[in-house]
Amino acid sequence: MTIPSHAHAITVRPYSPEDLDAVIEVFLRSIRETASANYNPDQIAGWAQADREVWSERRSSRPTWIAEAEGQVAGFTDLENDGHLDMMYVHPELSGRGIARALLLAAEQYARRRSLMRMYSEVSLTARPFFQRNGFYVVEPERVFRNGQWFDRFKMEKALV
């Protein structure tokens, strides 16, 4: 799927194991550069951790999509069998160009083809406005403890019926 966006096209394709390092880089940079607007340095340090072996296994265990723009991996998302969107991250230098929207559309089309009734996710303070603009609503705020830090986030979902 190719979606024109401003001056550059966004291509969304399935994840390949060769994408692993680029996906990890997008994840780490997105947290360190984008999410740092809403979380403190200790939280960012606790969040920005990626075990290559675990990541390789997770990416291959569920549908994962890669967005490419300007000749590079611009973002990624995934979807578990029950409609849980576990991760969505966009490269900070390419944010605001429709990349997250293109990824969400790919995941949503996949979910609808499988007759899922909803998609849901645990969404950061940073990502909440994007998800709300795209039909998700807050089920409830939550506070979770990860890697020695507390994080405020939101359980959000979108009906697909």
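## A polar contact at R62

A polar contact is a pair of N or O atoms within 3.5 Å; within protein, one must be able to donate a hydrogen and the other to accept it. In this predicted model, the side chains of R62 and E80 form such a contact at 3.2 Å. R62 sits in the loop between helix 3 (52-61) and strand 3. Its relative accessible area is 16%. The cut-off for buried is under 20%, so R62 is buried.

What does R62 touch beyond its neighbours within four places in sequence? The list is D78, L79, E80 and D86. Salt bridges that share partners also link R62 into one network with R59, D78, E80 and D86.

## Overall fold

The protein has 5 helices and 8 strands. From the N terminus on, their order is β-β-α-α-α-β-β-β-α-β-α-β-β. The radius of gyration is 15 Å, and the globule rule gives 15 Å for 161 residues, so the protein is as compact as a globular protein of that length. The C-alpha trace spans about 40 × 35 × 30 Å along its principal axes.

Of the 161 residues, 47% count as buried. The protein exposes about 8,400 Å². Carbon and sulfur atoms supply 48% of that area. Take the contacts with a separation of 6 or more: residues 24 or more positions apart account for 61% of them.

## Nonpolar cores

In soluble globular proteins, nonpolar side chains tend to be buried together. Here, the largest nonpolar core has 29 residues. Those with the most contacts inside it are V12, W65, L85, M88, I99, M119 and F131. Helix 4 supplies the largest share, 9 residues.

Leaving aside its neighbours within four places, W65 is in contact with V12, R13 and Y15, among others. Its partners also include G75, F76, T77, D78 and L79. Further along the chain, W65 meets L103, A106, A107 and Y110. A second, separate core has 21 residues, including Y15, I44, V73 and M87.

## Salt bridges

How many salt bridges does a search of the whole structure find? The count is 18. One of them joins R97 and E70, with the closest N and O atoms 2.0 Å apart. R97 lies in the loop between strand 5 and helix 4, and E70 lies in the loop between strand 3 and strand 4 (72-78), so the pair ties together parts that are 27 residues apart in sequence. R97 is partly exposed, at 29% relative accessible area. E70 is also partly exposed, at 39%.

Where does the bridge between K158 and E108 sit? K158 is in strand 8 and E108 is in helix 4, so this pair ties together parts that are 50 residues apart in sequence. The N to O distance is 2.8 Å. Both K158 and E108 are buried.

D19 and R13 form another salt bridge, the closest N and O atoms being 2.7 Å apart. Is D19 buried or exposed? Its relative accessibility is 7%, so D19 counts as buried.

Methods
Residues numbered from 1 in each chain as written. Predicted model: local features only at pLDDT ≥ 70, side-chain atom pairs only at ≥ 80, totals over all residues. Heavy atoms only, no water. Core = buried A, V, L, I, M, F, W, Y, C linked by side-chain atoms within 4.5 Å. Buried < 20%, exposed > 50% of the residue type's maximum accessible area, 1.4 Å probe, protein only. Helix = DSSP H or I, 4+ residues; strand = E, 2+ residues; numbered from the N terminus. Contact = heavy atoms within 4.5 Å. Salt bridge = Lys/Arg side-chain N within 4 Å of Asp/Glu carboxyl O. Rg over C-alpha atoms; globule rule 2.2 N^0.38 Å. Areas by Shrake-Rupley, 256 points an atom, 1.4 Å probe, with all protein chains shown as cover.
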